[in-house]
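Work through the exercises below with the sequence and the model side by side. Each task is followed by its solution.

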Amino acid sequence: MPDSHSEKSLPADINLKIDAWGKQLGFAATGISQLDLSEAEQRLLDWLGQGYYGDMEWMHRHGTKRSRPAELLPGTL
């Protein structure tokens, strides 16, 4: 679900449209995040550093690709 910050930065109708499109495409949930992922990145790095990824070794290997999309696919914003 979109957080309160996201809802303020986008017109309400676009949030509803994105949610409807997601449901039409079969997604269980949709969401809109902030562009500044620095706080989330730090939580991710802490989580990884504590080994909470368990058997999901790929999460540790991929590291900041979740918080820095351009590392996953160059040019991604």
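**Exercise 1.** Which residues line the largest pocket?

Solution. The model is a predicted one, in which local features need pLDDT of at least 70, side-chain atom pairs count only at pLDDT 80 or more, and totals for chains, interfaces and linings use all residues. Residues are numbered from 1 along each chain as its sequence is written, and side-chain values use heavy atoms, with hydrogens and water left out.

Step 1: apply the definition. On a 1 Å grid over the protein atoms alone, a pocket is an open set of points where a 1.4 Å probe fits, with protein on both sides within 12 Å along at least five of seven lines; lining residues have an atom within 4 Å of a point.

Step 2: list the lining. The largest pocket is lined by Ser33, Gln34, Asp36, Leu37, Glu39, Ala40, Glu41, Arg43, Leu44, Arg66 and Ser67.

Step 3: sort the lining. It holds 5 charged, 3 polar and 3 nonpolar residues (Asp, Glu, Lys and Arg count as charged; Ala, Val, Leu, Ile, Met, Phe, Trp, Tyr, Cys and Pro as nonpolar; the others, Gly among them, as polar).

Step 4: give the volume. The largest pocket has about 310 Å³, a volume being the space filled by probe spheres set on the grid points, which are joined across faces, edges and corners.

**Exercise 2.** State how many helices and strands the protein has, and describe helix α2.

Solution. Step 1: count. There are 5 helices and 0 strands, in the order α-α-α-α-α along the sequence (DSSP runs numbered from the N terminus: helices are H or I, at least four residues; strands are E, at least two).

Step 1: check the span. Helix α2, residues 12–24, has 13 residues and runs 19 Å from first to last C-alpha, close to the expected 18 Å (1.5 Å times one less than the number of residues).

**Exercise 3.** Are Asp19 and Ser38 buried, partly exposed or exposed?

Solution. Step 1: set the cut-offs. Buried is under 20% relative accessible area, exposed is over 50%, and partly exposed lies in between (1.4 Å probe, protein chains only).

Step 1: take Asp19, in helix α2. Its relative accessible area is 27%, so Asp19 is partly exposed. Its C-alpha is 5.8 Å from that of Thr30, 11 residues apart in sequence.

Step 2: take Ser38, in helix α3 (residues 38–49). Ser38 is partly exposed because its relative accessibility is 43%. Ser38 and Arg68 are 30 residues apart in sequence, with 9.2 Å between their C-alpha atoms.
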